[in-house]
Amino acid sequence: MLAIGEKFGPFDIVLIDNGQYNPAWKYIHNLPEDVIKAMKDLKAKRVFPVHSSKFALALHAWDEPLKKVTELNSLSENPIPLITPKIGEIVELKNENQQFKQWWKGVN
């Protein structure tokens with residue numbers, strides 16, 4: 001990813017799979033730490049974590065991917081804005097200031 005970021009970055013928006021992970025699947029699904037590294041390597045201005053928080057296929061809770069990537073991003077140096085719409089919410093791709101709520105908090 002670093003080579004891609006160096007050659008083609010920065011990217012305005014990057015979509016990265018962030019869900020249904022397991023260490024045994026690390027070659028086909030990103031772990032939360034991998035998502036953060038990819039965001040940085042690609043020099044993303046904003047990141048849309050996808051493939052998460054719809055239903056559970058892995059052994060983690062349905063909302064764990066968004067919880068973890070949000071937490072790890074906030075703890076990282078220079079956090080990158082995340083695009084985390086609630087299912088059905090409109091995303092304004094050209095609006096770099098659009099804010100998203102952590103809608104998964106409190107949902108059972």
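Me: How far apart in helix α2 are Lys 37 and Asp 41?
Reply: Lys 37 and Asp 41 are 4 residues apart in helix α2, so about one helical turn separates them. Helices here are DSSP runs of H or I with at least four residues, strands are E runs with at least two, and both are numbered from the N terminus.

Me: What kind of model is this, and how are things counted?
Reply: This is a predicted model, in which local features need pLDDT of at least 70 and side-chain atom pairs count only at pLDDT 80 or more, while totals for chains, interfaces and linings use all residues. Residues are numbered from 1 along each chain as its sequence is written, and side-chain values use heavy atoms, with hydrogens and water left out.

Me: Back to that pair. What do the side chains of Lys 37 and Asp 41 do?
Reply: They meet in a salt bridge, 2.7 Å from N to O. A salt bridge is a side-chain nitrogen of Lys or Arg within 4 Å of a carboxyl oxygen of Asp or Glu.

Me: Is Asp 41 buried or exposed?
Reply: Asp 41 is buried, at a relative accessible area of 12%. Buried means under 20% relative accessible area, exposed means over 50%, and partly exposed is in between (1.4 Å probe, protein chains only).

Me: Which other residues of α2 are buried?
Reply: Besides Asp 41, the buried residues of α2 are Pro 32, Val 35, Ile 36, Ala 38 and Met 39.

Me: What covers them?
Reply: The cover includes α1, β1, β2 and α3.

Me: OK, step back. How many helices and strands does the chain have?
Reply: There are 3 helices and 2 strands. From the N terminus on, they run α-β-α-β-α.

Me: What are the overall dimensions?
Reply: The C-alpha trace spans about 40 × 35 × 25 Å along its principal axes. A compact globule of 108 residues would have a radius of gyration near 13 Å, and the chain has 14 Å, which agrees. That radius is taken over C-alpha atoms, and the globule rule is 2.2 Å times the number of residues to the power 0.38.

Me: How much of the chain is buried?
Reply: Buried residues are 39% of the 108. As for the surface, the chain exposes about 7,100 Å², with carbon and sulfur atoms supplying 57% of that.

Me: What share of the contacts comes from residues 24 or more positions apart?
Reply: Among contacts with a separation of 6 or more, such residues account for 69%. Contact means heavy atoms within 4.5 Å.

Me: Salt bridges again. How many are there in the whole structure?
Reply: The search finds 4. One of them joins Lys 43 and Glu 6, with the closest N and O atoms 3.5 Å apart. This pair links distant parts of the chain, 37 residues apart: Lys 43 is in the loop between α2 (32–41) and β2 (44–50), and Glu 6 is in helix α1 (residues 2–8).

Me: Where do these two stand on accessibility? Start with Glu 6.
Reply: Glu 6 counts as exposed, at 52% relative accessibility. Lys 43 is partly exposed, at 36%.

Me: And what is the N to O distance between Asp 63 and Lys 67?
Reply: Their side chains meet in a salt bridge at 3.2 Å. Asp 63 is buried, with a relative accessible area of 8%, whereas Lys 67 is partly exposed, with 42%.

Me: Now the backbone. What is the phi of Lys 43?
Reply: Lys 43 has a positive phi of about 55 degrees, although it is not a glycine. This comes just after α2.

Me: And what about the phi of His 51?
Reply: His 51 also has a positive value, near 70 degrees, and is a residue other than glycine. His 51 lies in the loop between β2 and α3 (64–75) and is partly exposed, with a relative accessible area of 40%.

Me: Is the peptide bond from Gly 9 to Pro 10 cis or trans?
Reply: That bond is cis, with omega near 0 degrees. Pro 10 sits in the loop between α1 and β1 (11–17).

Me: Last one. Where is Ala 24?
Reply: Ala 24 is in the loop between β1 and α2, and at 65% relative accessibility it counts as exposed. From Ala 24 to Lys 40 is 16 residues in sequence and 24 Å in space, C-alpha to C-alpha.

Note on methods. Accessible areas come from the Shrake-Rupley method with a 1.4 Å probe; for residues, only the protein chains shown count as cover.
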